[in-house]
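Here is a set of questions about how the terms used for a structure follow from their definitions. Each answer puts a value beside its cut-off and then draws the conclusion.

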Amino acid sequence: MSRYLISTWEPELPSFWESRGKSTANRNLWISIPALMLAFAVWMVWSVVVVNLPNIGFTYSTNQLFWLAAVPGLSGATLRIFYSFMVPVFGGRKWTAISTASLLIPAVGIGYAVQDPTTGYPTMLVLALLCGFGGGNFASSMANISFFFPKSQKGYALGMNAGLGNLGVSAVQFVVPLVITAAVFGGDPQTWIKGEETKQMWLQNAGFIWAPFIALTAIAAWFGMNDLASAKASFAEQAVIFKRKHNWLMCWLYVGTFGSFIGYSAAFPLLTKTLFPDVNPLQYAFLGPLVGALARVAGGWISDRLGGAIVTLWTFVAMIAAVLGVLEFLPASGNPGNPGSFSGFFWMFMVLFACTGVGNASTFRMIPVIFLTLHQRAAGKRPGDQALAVASANKEAAAVLGFTSAVAAYGAFFIPKSYGTSIALTGGPGAALWCFIGFYATCIAITWWFYARKDAEMPC
C-alpha cells in the first residue's frame, strides 16, 4: 500500500480531527490552493492576451477576439464534467499532480505562438481550447478538498480553496501586463505602434511566466498530498447524482454565482476596451477577480454562521441591483452625446464581482449540507447506519460539487459570447445584461422555494 494512501479518515470525530486529521487536511489544502491558482491563471490568460494581439500585428476581428476569450470557458466547462469524477477514481494526490502538470502544454504553446503575427487563427483557437485544462482542475480540486474536512468547516475549507484559487484570475490580469514589458525569458520582442508611440513587448511571457511555478507545484502535489481510501468510488457509484433533483437545482444556482464570476472575469477587459476605447483596461481588469476571490473567502465564513441559503438569496438580490447599475452607466449606442461613465461602470462591476464571490461560497456551502441531510433522513437510527449515511453523503456531495462547477463554468463562454452577440445585433451589451437580470430572478425564486423559506424542502 502506498505511504500516501490514508486508509482511515473520520473528520467528524473530534478526537481524530484534533490528533491527526486537522494537520493532514490543512497540508492538503495549502498545496491544493496554489495548484488551483495556477489553473485559473492558465484558464484566464486569454482574457489579457486578446487585448494585446491587435497591438502587435494580429489582424483578427472583434468577434474573433471575443471567441478567443470565450473558448477556454467552453472547453474548461466540458472538461469539468469529466474531472468531477476523477478524484474518487484515481485519488486526489495523483490527479492533482497530473492535472497541474498538464497546464504546461497551453502555457508553453501560447509563449511560442504569439511571437509570430502570422500564426493562423485555428492554431490560436486550439491553444485557447487547451487552456480549458485549467478550468477543468477546479472541479476535481473542490471535490478532493471536500473529503478532508468535517461538516462544520466545509464552508471555510471550500471557501479558502476556491477563494484563494480564484486569485489566479486576478493574478494573471495583474502579472501579465507587467512581465510582457521585459525580456524575462529572452526571445525577440514585438513592436507595439499606437499613433506616434512605439514600444516593445514580450507577449510570449504571458505563457512562459507560469511554467516554472506549474512544474514546482505539480511536484509538491505528488510528494505532499494524500489519497483517501474512503473517497474511492467508481463512476457508476457517483453517477447516482444525475437522479438527484437537488444536483440540478444547485447547478442552476451555481451558474448564477460562479458562472457569473468567471464569465465577467473573462470578458471584463475586452468589454471595457470596446465600450471605453480611451481607457487601458489592463490597469483595472485584475481588480474585479481580486474582489470576487477575496469575497469568496469571506462568504464561506459568513455562510458557516448564517446558513448558505439565506446568504445566497440576498446575494442574487444584490446582483440584480448591481447589473441595473451597470446599465445606468453604459455609453448610449449611436449617441456621441452620451459617452457613459467609466467610473460608474467600473464600481458597479466591482459590486457585482463581490456579490459573485460571496454567492460562490454560499452555494458551495449549501451542497454538503443538502446531501448530508438527504442521506441522514433516509438512514436508520443505528450508529452504523448513520456512519454509512455520512460516507455516502460525502461521496455524492463531492461529485455534485464537481459537476455543478462544470455546468457553471460554461458562464466563461456564454457571458463573453452574449456580449459579443448583443454588440453585433444592437450596438451595445445592454440586451445581454437584461437577460442576466432575468436569470438572477429565477435563482432567487429557486433559492427561496426549496432552501430559504420557513417550510423549505431542504433548509440549509
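Q: In which helix is the place of T100?
A: T100 has its place in helix α5, which covers residues 92-101; helices here are DSSP runs of H or I with at least four residues, strands are runs of E with at least two, and both are numbered from the N terminus. The model is a predicted one, in which local features need pLDDT of at least 70 and side-chain atom pairs count only at pLDDT 80 or more, while totals for chains, interfaces and linings use all residues. Residues are numbered from 1 along each chain as its sequence is written, and side-chain values use heavy atoms, with hydrogens and water left out.

Q: Why is T100 called buried?
A: The relative accessibility of T100 is 1%, and buried means under 20% relative accessible area, whereas exposed means over 50% and partly exposed lies in between (1.4 Å probe, protein chains only). T100 therefore counts as buried.

Q: What does T100 touch, and what does its side chain reach?
A: Leaving aside neighbours within four places in sequence, T100 is in contact (heavy atoms within 4.5 Å) with A35, N137, I214, T217 and A218. The side chain of T100 also reaches the backbone oxygen of T96 at 2.7 Å.

Q: What makes the pair S260 and Y440 a polar contact?
A: The side chains of S260 and Y440 are joined at 2.6 Å, and a polar contact is a pair of N or O atoms within 3.5 Å, where within protein one atom must be able to donate a hydrogen and the other to accept it, and residues adjacent in sequence count only if both atoms are side-chain atoms. S260 is found in helix α13, residues 245-275, and besides Y440 it touches V255, M319, T356 and I415, not counting residues up to four places away in sequence.

Q: How do you know whether S260 is buried or exposed?
A: S260 has a relative accessible area of 3%, so it is buried.

Q: Why is L327 counted as buried?
A: L327, which lies in helix α15 (residues 308-328), has 18% relative accessibility and therefore counts as buried. Leaving aside neighbours within four places in sequence, L327 is in contact with G430, L433, W434 and I437.

Q: Why is F242 called partly exposed?
A: F242 is found in the loop between α12 (235-238) and α13, and because its relative accessible area is 31%, it is partly exposed. The C-alpha atoms of F242 and F403 are separated by 9.5 Å, although these residues are 161 residues apart along the chain.

Q: How many helices and strands has the protein chain, and why is the chain called as compact as a globular protein of its length?
A: The protein chain has 19 helices and four strands. Its radius of gyration (taken over C-alpha atoms) is 22 Å, close to the 23 Å that the globule rule (2.2 Å times the number of residues to the power 0.38) gives for 460 residues, so the chain is as compact as a globular protein of that length.
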